[in-house]
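Student: I have a model open and would like to learn how to read its features one by one. Where do we start?

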Amino acid sequence: MRIRLVALVLCLSCLLAPSFNYPVNASSVYHCGGNGKRQVALTFDDGPHPDYTPAILSILEEYKVPATFFVIGENARQYPELVKKEYNMGNEIGNHTFSHPAVSKTSYNDLINETELVDGEILALTGKAPKIFRPPGGVCDKNVGKVAKEKNYSVILWTVDTKDWQIPPTHDIVSCVKTNLRPGAIILFHDYVWGASNTPEALRILIPHILDEGYEIVTVSELLGI
């Protein structure tokens with residue numbers, strides 16, 4: 001517990017995300033790593049997507065780096081082979097709810113049901129239930145805290161938000177990450193967007209840049225030591 005609390009305090013020094021209302025068990029909420037190592041984690045929300053997830057996986061494989069995918073249960077159910085592929089390639093799979101509800105308008109019971117459905121999907125596809133959870137929108141209210149405690153989740157937020165779901169130009173995504181790159185950063189991307197995503201193109205620029213800057217790209221759990 002003390003290690004997690006120290007990590008959280010260190011994260012606050014590199015926090016670039018908006019302010020959040022923390023649940024009671026704030027020591028299990030992470031914005032970034034605090035182990036002092038020159039490591040970062042690439043994270044992808046909302047997938048899998050039939051086009052963008054394979055493209056991203058191909059890039060990760062090319063550079064031999066892992067990522068963490070926070071999957072939506074509905075999409076995992078629709079594209080199960082992509083979740084299996086993510087896991088079999090050595091990536092980490094996290095829970096991002098079943099239907100991506102508005103958390104602030106979702107009851108505790110409904111949120112528990114949302115997360116349990118995803119846990120079941122991921123367990124069936126990978127043989128391993130997720131222990132990391134990213135609430136939609138990064139909302140960390142009382143119900144999220146209760147769910148995290150009940151399910152023993154570590155709640156994963158982010159350091160750098162690329163806002164790639166808004167379909168910005170590739171150079172904006174690249175500039176955002178380059179400007180805010182630092183040890184322990186958790187970088188938020190999306191592998192499911194509505195529109196023509198520029199995320200794969202940005203990754204082809206960013207991953208070699210991150211590696212050339214002397215960073216190791218690791219999963220969230222490795223970054224945080226959880």
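Tutor: We start with how the elements are assigned: helices (H or I, at least four residues) and strands (E, at least two) are DSSP runs, numbered from the N terminus. K64, for example, is found in the loop between α2 and β3. This is a predicted model, in which local features need pLDDT of at least 70 and side-chain atom pairs count only at pLDDT 80 or more, while totals for chains, interfaces and linings use all residues. Residues are numbered from 1 along each chain as its sequence is written, and side-chain values use heavy atoms, with hydrogens and water left out.

Student: How many helices and strands are in the chain?

Tutor: The chain has 9 helices and 9 strands. For burial, the cut-offs are these: buried means under 20% relative accessible area, exposed over 50%, and partly exposed in between (1.4 Å probe, protein chains only). Of the 226 residues in the chain, 57% are buried.

Student: What share of the contacts joins residues at least 24 apart?

Tutor: Contact means heavy atoms within 4.5 Å. Among contacts between residues at least 6 apart in sequence, 77% join residues at least 24 apart.

Student: How do I check the length of a helix?

Tutor: The expected span of a helix is 1.5 Å times one less than its number of residues. Helix α2 (residues 52-63) has 12 residues and should span 16 Å; its end C-alpha atoms are 17 Å apart, which agrees.

Student: Which residues of α2 are buried?

Tutor: The general idea comes first. An α-helix has 3.6 residues a turn, so residues three or four places apart point the same way. In α2, the buried residues are Y52, T53, I56, L57, I59 and L60. Seen down the axis, they fall within an arc of 160 degrees (taken from the directions from the helix axis to the C-beta atoms), so they line one face of α2. These residues pack against β2 (39-45), β3 (68-71), α4 (80-88), β8 (186-190) and α8 (199-212).

Student: Which residues of α4 are buried?

Tutor: L82, V83 and E86 are buried in α4. They cover an arc of only 100 degrees around the axis, which puts them on the same side of α4. On the other side of α4, E81 and N88 are exposed. The cover over the buried residues of α4 includes α2, β3, α3 (73-78), β4 (92-95) and α5.

Student: How is the packing of two helices described?

Tutor: Two packed helices are described by the angle between their axes and the distance between the axes. Axes are lines fitted to C-alpha atoms, for helices over the stretch in contact, and angles run from 0 to 180 degrees between N-to-C directions. Angles under 35 degrees count as roughly parallel, over 145 as roughly antiparallel, 65 to 115 as roughly perpendicular and the rest as oblique. The axes of α2 and α4 are 11 Å apart, at an angle of about 15 degrees. These two helices are therefore roughly parallel to each other. T53, P54 and L57 of α2 make the contact with L82, K85 and E86 of α4.

Student: Is the crossing of α2 and α4 left-handed or right-handed?

Tutor: A crossing is left-handed if the near helix is turned anticlockwise from the far one by less than a right angle, and right-handed if clockwise. The crossing of α2 and α4 is left-handed.

Student: At what angle do the axes of α5 and α6 cross?

Tutor: The axes of α5 (residues 108-126) and α6 (residues 142-151) cross at roughly 45 degrees and come within 9 Å. That makes α5 oblique to α6. The crossing of α5 and α6 is right-handed. Residues that meet there include Y108, L111 and I112 in α5 and N143, V144 and K146 in α6.

Student: Which backbone angles should I look at in the loops?

Tutor: Look at phi and omega. D46, in the loop between β2 and α2, has a positive phi of about 85 degrees although it is not a glycine. D46 is buried, with a relative accessible area of 14%. In the loop that holds P48, the peptide bond from G47 to P48 is cis, with omega near 5 degrees. K64 has a positive phi near 55 degrees, and K64 is exposed, with a relative accessible area of 74%.

Student: What is A67 in contact with, leaving aside its neighbours within four places in sequence?

Tutor: Its contacts are L42, F44, L60, N91, E92 and T219. A67 lies in the loop between α2 and β3 and is buried, with a relative accessible area of 0%.
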